[in-house]
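Dear colleague,

Please find below the structure that I am handing over to you. My notes on what was found in it follow directly after.

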Amino acid sequence: MSKQPPKASKLLNDCFLHDKERLPHHEALEILKERLVGITSKETVNIGEAQDKILAEDIRATRNIPSTDNSAVDGYAYRASDFDDAGGFFLIAARIAAGDINPSPLPQWSAVRIFTGAVMPEGADTIAMQEDCETHAQEGTDFVVIPQGLKPGANRRRMGEDLMQGDLIAKVGEQVTPQLIAAIASTGQSKVEVYSPLRIAILSSGNELKEPGQTAQAGQVFDSNRYLLQSLLKMLPVEITDLGIQPDNYDVIETKLAEAAKTNDIVISSGGASLGEEDHIIAALEKLGTRHLWQLAVKPGRPMSFGQIGDTLFFGLPGNPVACFVCFLLYVRPSLLRLAGADWHEPKRFKVPALFDFNNKKPDRREFWRGIYAPTDGAFGLEKFARDGSGLITGLREADGLIEIPEAVTNVSKGDLLDFIPWSEFGI
Ligand code: AMP
Ligand code: MG
């Protein structure tokens with residue numbers, strides 16, 4: 001008997017069939033979007049542990065927030081309609097601090113000393129800030145002089161102005177953000193139902209790869225993709241199993257993939273993803289399971305593959321770090337979110353003018369360029385990261401996001417409006 005807990009409930013009958021040698025970007029996305037479904041069960045977690053998880057319940061406000069009218073400042077609360085009669089000179093009838101409950105109603109021609117967050121007494125509607133007021137003591141009684149010109153209702157927070165009881169705050173399928181955690185906490189709810197994490201195994205493949213911290217000979221390469229992928233995955237509701245660096249050896253790759261598929265919902269590899277003599281990922285995938293997508297009409301990322309081994313999904317990312325990064329963001333991330341119970345999220349594109357010219361892009365593929373969002377003449381424009389190589393991690397750091405160039409576009413001229421996807425659209 002395996003000591004592993006059972007894998008998340010199951011996938012997906014196949015039906016990923018298509019007839020393209022190289023699949024266009026939008027068709028690849030369409031297939032993933034149509035076919036992938038949530039595969040995990042539900043669990044209840046404390047709101048402090050809910051960050052990045054996917055909601056499995058709708059969240060509604062359980063009370064009005066704020067629950068009463070209250071003061072937005074430290075000052076003096078009064079009835080605006082008393083102002084003319086009293087000429088701005090009010091008796092201080094009481095003192096109300098944050099946390100004091102059920103204050104007495106405000107007597108006429110009086111004010112109360114009040115502090116930020118304190119409940120407004122019945123009858124008061126306006127608050128003057130303490131720094132604008134003068135106080136006087138006369139025969140043992142305290143008075144306040146309130147300045148002219150405050151609008152009725154000034155500095156008052158209204159009951160329910162943030163949320164009314166029953167308002168929908170978030171829906172099943174949303175990913176939990178810090179702001180959402182604050183909103184859930186503000187309703188008094190301490191636990192939330194979320195989908196349980198996906199179990200994901202990652203591996204790097206390549207004889208040239210060395211672990212950072214080891215020594216590397218000339219020609220050897222430190223494995224950056226696994227660290228890149230781990231960091232990207234940590235922002236998603238997943239549990240990661242690190243399968244390390246694996247050699248360009250068919251038998252080893254087949255054994256590793258077969259083992260990983262037994263106990264994981266998803267396996268992700270980088271490198272060895274083409275059909276070269278030293279690339280074994282595709283062959284192992286086809287031996288062990290089914291390949292649904294392989295080769296995209298996209299740059300970078302042509303050799304990106306997708307398939308399944310039993311009911312474990314497999315993503316084979318290209319080894320070049322830029323291609324690995326871009327393919328993860330464009331294809332793997334939305335797929336994982338969907339599998340984890342989220343809605344399919346298409347990143348927003350922003351139209352930004354080009355600050356550069358580019359000629360002779362190939363017409364048969366979509367390209368994603370590293371874009372730098374640069375200020376220019378009081379507006380913003382897009383520079384293209386100058387060097388092209390898909391191994392250049394520097395470009396990923398300098399860029400602010402991806403410029404998407406559709407298949408049909410072959411030339412870009414300064415001033416053309418381009419589709420720009422900032423990194424923030426990918427949660428980074
Ligand atoms: P491959 O996809 O195996 O043909 O690799 C393409 C390029 O990416 C080669 O230059 C590899 O050395 C490089 N590469 C592959 N895997 C990694 C990795 N994990 N980290 C950094 N570079 C890699
Ligand atoms: Mg390789």
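Trp-369 has a relative accessibility of 6% and therefore counts as buried, the limit being under 20%. Please note that this is a predicted model.

**Surroundings of Trp-369**

The charged end of Lys-384 is placed over the ring of Trp-369, at 4.8 Å from the ring centre. Phe-356, at a relative accessible area of 9%, is buried as well.

**Aromatic pairs**

Across the whole structure, the search returns 10 aromatic pairs. One of them joins Phe-325 and Trp-423: the ring centres are 5.2 Å apart and the planes stand at 75 degrees, so this pair is edge-to-face. Because Phe-325 belongs to helix 7 (residues 321-339) and Trp-423 to the segment after strand 26 (417-422), the contact ties together parts that are 98 residues apart in sequence. Phe-325 and Trp-423 are both buried.

Another pair is made by Phe-356 and Trp-369, with centres 6.0 Å apart and planes at 55 degrees, so it is classed as tilted. Here Phe-356 is in the loop between strand 22 (350-353) and strand 23 (366-376), while Trp-369 is in strand 23 itself, so the parts tied together are 13 residues apart in sequence.

**Strand 23 and its partners**

Strand 23, which carries Trp-369, pairs with several other strands. With strand 24 (residues 379-384) the pairing is antiparallel and covers six bridges; Ala-374 has Gly-381 of strand 24 as its bridge partner. Strands 23 and 24 form a hairpin with two residues between them, and Asp-377 in the turn has a positive phi of about 45 degrees. Strand 23 is also joined to strand 25 (residues 401-405) by five bridges, in the antiparallel sense, with Arg-370 opposite Leu-402 of strand 25. Strand 19 (residues 298-299), by contrast, runs parallel to strand 23, and two bridges join them; Lys-299 has Glu-367 of strand 23 as its bridge partner.

An open sheet of six strands has the order 16-13-17-21-20-18, with mixed pairing. Strand 16 (238-246) and strand 18 are at its edges with a single partner strand each, so one side of each has no neighbour in the sheet. On average, neighbouring strands of this sheet are turned by 20 degrees against each other, direction ignored.

Within this sheet, strand 13 (residues 198-205) and strand 17 (residues 266-270) pair in the parallel sense over five bridges, and Ile-202 stands opposite Ile-268 of strand 17.

Strand 20 (residues 305-309) is mostly covered, with five of its five residues buried. In a regular strand the side chains alternate between the two faces of the sheet. In strand 20, Ser-305, Gly-307 and Ile-309 point one way, whereas Phe-306 and Gln-308 point the other way, and all are buried. Strand 20 pairs with strand 18 (residues 290-294) in the antiparallel sense over four bridges, and Leu-293 has Phe-306 as its bridge partner. Strand 20 also pairs with strand 21 (residues 312-317), again antiparallel, over five bridges; there Gln-308 stands opposite Leu-313. Strands 20 and 21 form a hairpin with two residues between them, and Gly-310 in the turn has a positive phi of about 60 degrees.

Six strands form another open sheet, in the order 7-4-6-5-9-8, and its pairing is mixed. Its edge strands are strand 7 (126-129) and strand 8 (134-138), each of which pairs on one side only. The twist from one strand to the next averages 40 degrees. Strand 5 (residues 89-96) and strand 9 (residues 141-145) pair in the antiparallel sense over three bridges, and Phe-89 has Val-145 of strand 9 as its bridge partner.

**Ligand 1**

Which residues are the closest to ligand 1? Ligand 1 is surrounded by 14 residues, and the closest are Glu-208, Asp-223, Ser-224, Gly-272 and Gly-319. A backbone N or O atom of Gly-272 is 2.7 Å from an oxygen atom of ligand 1, and a backbone N or O atom of Gly-319 is 3.0 Å from an oxygen atom of the ligand. A nitrogen atom of ligand 1 lies 3.4 Å from a polar backbone atom of Asn-225.

With kind regards

Notes
Residues numbered from 1 in each chain as written. Chains lettered and ligands numbered in written order. Predicted model: local features only at pLDDT ≥ 70, side-chain atom pairs only at ≥ 80, totals over all residues. Heavy atoms only, no water. Phe/Tyr/Trp six-rings, centres within 6.5 Å; stacked < 30°, edge-to-face > 60°. Buried < 20%, exposed > 50% of the residue type's maximum accessible area, 1.4 Å probe, protein only. Lys NZ or Arg CZ within 6 Å of the ring centre and 35° of its normal. Pairing = 2+ DSSP bridges. Axes fitted to C-alpha atoms, helices over the stretch in contact; angles between N-to-C directions. Near = heavy atom within 4 Å. Polar contact = N/O pair within 3.5 Å; in protein donor to acceptor, adjacent residues only side chain to side chain.
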